[in-house]
Amino acid sequence: MSAAPAIRLDDVTLGYDRHPAVHHLSGEIAPGALLAVVGPNGAGKSTLLKGLVGTLAPLGGRIDRGALRLRDIAYLPQASALDRSFPIDVFDLVATGLWSRAGLFGGVGRAGRERAAEAIAGVGLAGFEGRPIATLSGGQLQRALFARLALQDAPVILLDEPFAAIDARTVSDLLELIGRWRAERRTVVAVLHDLELVRRSFPETLLLARRKVAWGPTSEALRPERLLEARGMQEAFDDHAPLCATHAA
Amino acid sequence: MTLYDAILGPFVEFDFMRRALIGSLALSLGAAPVGVFLMLRRMSLAGDAMAHAILPGAAAGFLVAGLSLPAMTIGGLIAGVAVAVAAGLVTRATALKEDAALAAFYLLSLALGVTLVSLKGSNVDLLHVLFGSVLALDDDALYLLAGVSSLTLVTLAALYRPLVLECVDPGFLGSVSRAGGPVHLVFLGLVVLNLVAGFQALGTLLSVGVMMLPAASAAFWSRRLEGMFAAAVAVGMISSIAGLLGSYHSGVPTGPAIILAAGILYLGSIAFGPAGGLVWRLVPARRHRTA
């Protein structure tokens, strides 16, 4: 597939109720990048992904997505609003990833069903197609959601803590899938907490602590003094904090 | 009394019973699948709220034109859609959740409706509005019920994909399409439409029964969506027939009789339904599989 356009962040501030959760962030996510976003809790990592996908409008600055359309960005949220008790089976759930092709009314077709079956097999869930999602374990559900991501065939893929509460074998299987996406020149941005995993598998890292602490090659970004600096972040919002002077509105 | 007298006789002999049968079967066909979606969205009580919300519109129609089907239907539709849209807008524009917004608007609407009805008309008329007149369905009422039922099925079929996805994973739907909001509004429109059609047959307060009781029963008959739709329609239709016959033979009001029949089927489903019925829990599984 052709390379995704770059996503440019120009002095972006994202937040809630005028309080910044990501403060004055600038940088570029290059096409085909494999970027880890790391930082303490409350550092604004999930907020950044919401800003990138477009569900949260910036309080200031701008995010330039180039020619990317809504459906070109596949997004796996951290606390998915997925209703696990809904009577739908694994195949149908994964097949919703074909939305960008089939849309509201279009047919999925034989080719679509084959691709869905391949995606399910690709995450090691072959044989689970007819199982209701209510019967899946947390790891199996995450595999199914990765299969759906794969089926979306999007040039940009955003993952919010995809490996939280997932066992080692599932993590390594899913990492392999991420590796394949990279080989296909897709842009992957993942929020992660396991620094060892980031050092092993992610060439580029953004260390975030409300503001950018470091953004570059992982070995540089995750140097001990940087991590210490990130840990010193002020966590609480201050309701009486003065308005930010450098704000480019 | 022979079996013929008990079951077929009333419908063969009396035109009003045949009309009531057709009307209530048509209603079950459209309203029950809508109820299944409401239940799966955890909006079971929203149907109840909407049923109250259409009251002032129906009452306004009643004030203007007396017991006139078109006037009360149009009034009910306007009131129901207004409450649905207002609640939807408040939900999407503020931090208030949909149930809270609906509760607020339906209470307003209900108070307005009761006020309007009491301004004119006796208690008998009020009872007619509240409990319906399934035994007095004229041609217009039957066309309305059949039309609403057909429109509902066609719309559900056309919007099936986004409706299901908005239930399972609204976050994902939002990430691939902007259709979630409009589809939800169309769906609420279907709820209003079915309730307005139902209030002619069963009354505002009970029309929600034919929507929600079959849906709640269906959850005990299938773990698959298609199965739930089939079960809900079946429960709705069986309760319509049973309610009509029960009412014919015992002389109790027809609307409540249909809902009571649906209630009995619901209790039976909880007890004996193959998908999680209580009875099956009492029978301990003695053997389990190896994998």
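## Domains, chain contact and a helix pair

The centres of domain 1 and domain 2 of chain A, taken over C-alpha atoms, are 27 Å apart. The model is predicted. In the domain assignment of chain A, domain 1 is made of two segments, 1-68 and 157-249, and domain 2 covers 81-154. Where the two domains touch, domain 1 of chain A supplies 9 residues and domain 2 of chain A supplies 11 residues. On the domain 1 side of this contact, helix 6 (residues 168-183) of chain A gives the most, with 4 residues. By class, the side of domain 1 of chain A that touches domain 2 of chain A has 6 nonpolar, 1 polar and 2 charged residues.

Chain A as a whole contains 9 helices and 9 strands. Its C-alpha atoms fill a box of roughly 55 × 35 × 35 Å along the principal axes. The radius of gyration of chain A is 19 Å, which agrees with the value near 18 Å that a compact globule of 249 residues would have.

Chain A also touches chain B: 19 residues of chain B are in contact with 19 residues of chain A. On the chain B side, the elements that give two or more residues are helix 9 (160-168), helix 10 (170-176) and helix 13 (225-250) of chain B. Helix 10 of chain B has the largest share of that side, 6 residues. The residues of chain B that touch chain A divide into 11 nonpolar, 4 polar and 4 charged.

Within chain B, helix 3 (residues 44-53) and helix 11 (residues 180-201) have axes that come within 10 Å and cross at roughly 60 degrees. Helix 3 of chain B is therefore oblique to helix 11 of chain B. The crossing of helix 3 and helix 11 of chain B is right-handed. Helix 3 of chain B makes the contact through B:Gly47, B:Met50 and B:Ala51, and helix 11 of chain B through B:Val191, B:Val192 and B:Leu195. In this contact of helix 3 with helix 11 of chain B, 5 residues are nonpolar, 1 is polar and none is charged.

The residue classes are set out below.

| Helix 3 of chain B with helix 11 of chain B | 5 residues | 1 residue | no residues |

Methods:
Residues numbered from 1 in each chain as written. Chains lettered and ligands numbered in written order. Predicted model: local features only at pLDDT ≥ 70, side-chain atom pairs only at ≥ 80, totals over all residues. Axes fitted to C-alpha atoms, helices over the stretch in contact; angles between N-to-C directions. Parallel < 35°, antiparallel > 145°, perpendicular 65-115°, else oblique. Left-handed = near helix turned anticlockwise from the far one by under 90°. Contact = placed C-beta atoms within 7 Å. Nonpolar A, V, L, I, M, F, W, Y, C, P; charged D, E, K, R; others polar. Domains from an automatic or database assignment. Rg over C-alpha atoms; globule rule 2.2 N^0.38 Å.
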